[in-house]
Amino acid sequence: MANVTVIGAQWGDEGKGKIVDWLASRADAVVRFQGGHNAGHTLVVGDQTYKLSLLPSGIVTGTLSLIGNGVVLDPWALRDEIAKLESQGVSITPDNFGIADNCPLILPLHRDLDGLREAAAGKGKIGTTGRGIGPAYEDKVGRRAIRVCDLAHLDDLEPQLDRLCAHHDALRAGFGQDPVDREGLLEELRDIAPFVAQFAQPVWKRLNDVRKTGAKILFEGAQGVLLDVDHGTYPFVTSSNTVSGTVASGSGLGPGSAGFVLGIVKAYTTRVGSGPFPTELEDETGQRLGERGHEFGTVTARKRRCGWFDAVLVRQTCALSGVTGIALTKIDVLDGFETIKICTGYRLGDKVLDYLPSHAAEQDAVEPIYEEFEGWEGTTVGARSWADLPAQAIKYIRRIEELIECPVASVSTSPERDDTILVRDPFAD
């Protein structure tokens, strides 16, 4: 079985969409296993651009696409996204799309709470997307979530609503808000239930059936490892585990199902929202990286912070996720720079560290130790073989491999699917 798991090995926004799109065209099933519609992938296929935030990328090519139980699902956002894709000519039916019936739902009250908290946080803002993902995961862990399977039993929902509203009404009162409108919420759920019901199923079972046929399964991660709720730059993280190990719990397949773990890595570093960023460049160089890389979030359109490549972080994320090989993206953004830098370590007081410490204050205080590289003349745009790359660009890539202790499986040289140098085919292993 040649399964592949794709994860972001930085703070997300590494260009996973293009890589996942290419892999999805060769997979028999594509699975989302964590996160919600706070992530986004942009797919460029011919002259069409598709922006996905919840649907697995395989849906664009008609590949079986499944949302696993590790995802928190906003059913109204799903309806809107499906409508948008159908208007672009994409066919989405129960034959090629399914939702785990044990997925927790993101409700309007979750979005409300997300916004109220951020507005009141002052300097403690985490920089969430405000889409209710965190509060929905809290209710899942607190055992008061309404799940997809509950939509078929709305007449029996009162005990769950009691638990849910007891929690949220107290929180809303603290913000000076009225209690949850239970009847209004039930009406909204009754309205959306038939739409969701057509796709609801035991995804774990369907995946097991697919696996028995020897099919190739692609697990599509959202965000990046540095946003993992355990291993990321806490508290400036997302609310789910983004490491590859989550494939097992978030899909219903066993821990041996992840297969080849492909870490997507940008040739420099970006992050959206608040939190530590050791190599951030708040100068003309950082602005140049952002402009050349078109660094704006797919979902939020927020401007991304930019900085030099941080080998310390990527070595750490590759270790945490058991990365087999990396896909290096956006090397073309570095074309024309006279000098390029790579962070090889940190100074923290009188110590030199080869890892990012866990405490937020120490993460914020570390100073990057840089290794400088001469830039390259010419362009890497559209390169499809090593021979097409400038010698200095190859040197830069090889040094990254050494520093992160992980081989390069592919190099992406533009947003186009075919502009890729393939070193190792993940599905061939």
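User: In which hand does helix 5 pass helix 6, left-handed or right-handed?

Analyst: This is a predicted model. In it, the crossing of helix 5 with helix 6 is right-handed.

User: What makes the contact between helix 5 and helix 6, and which residues meet?

Analyst: Contact requires heavy atoms within 4.5 Å. From helix 5 come Glu 158, Leu 161, Asp 162 and Cys 165. Helix 6 supplies Arg 182, Leu 185 and Leu 186. By type, four of these residues are nonpolar, three are charged and none is polar.

User: Why do strand 7 and strand 18 count as edges of the sheet?

Analyst: The sheet is open, with ten strands in the order 7-6-5-2-8-1-9-13-17-18 and mixed pairing. Strand 7 (200-201) and strand 18 (420-422) each have a single partner strand, so one side of each lacks a neighbour in the sheet.

User: How do you know that strand 9 and strand 13 pair, and how do they run?

Analyst: Pairing takes at least two bridges. Strand 9 (residues 260-266) and strand 13 (residues 325-329) are joined by five, and they run parallel. Leu 262 stands opposite Gly 325 of strand 13.

User: Which strands does helix 7 lie across?

Analyst: Helix 7 (residues 203-212) lies across strands 2, 5, 6, 7 and 8. Its angle to strand 5 is about 145 degrees.

Methods. Residues numbered from 1 in each chain as written. Predicted model: local features only at pLDDT ≥ 70, side-chain atom pairs only at ≥ 80, totals over all residues. Heavy atoms only, no water. Left-handed = near helix turned anticlockwise from the far one by under 90°. Helix = DSSP H or I, 4+ residues; strand = E, 2+ residues; numbered from the N terminus. Nonpolar A, V, L, I, M, F, W, Y, C, P; charged D, E, K, R; others polar. Axes fitted to C-alpha atoms, helices over the stretch in contact; angles between N-to-C directions.
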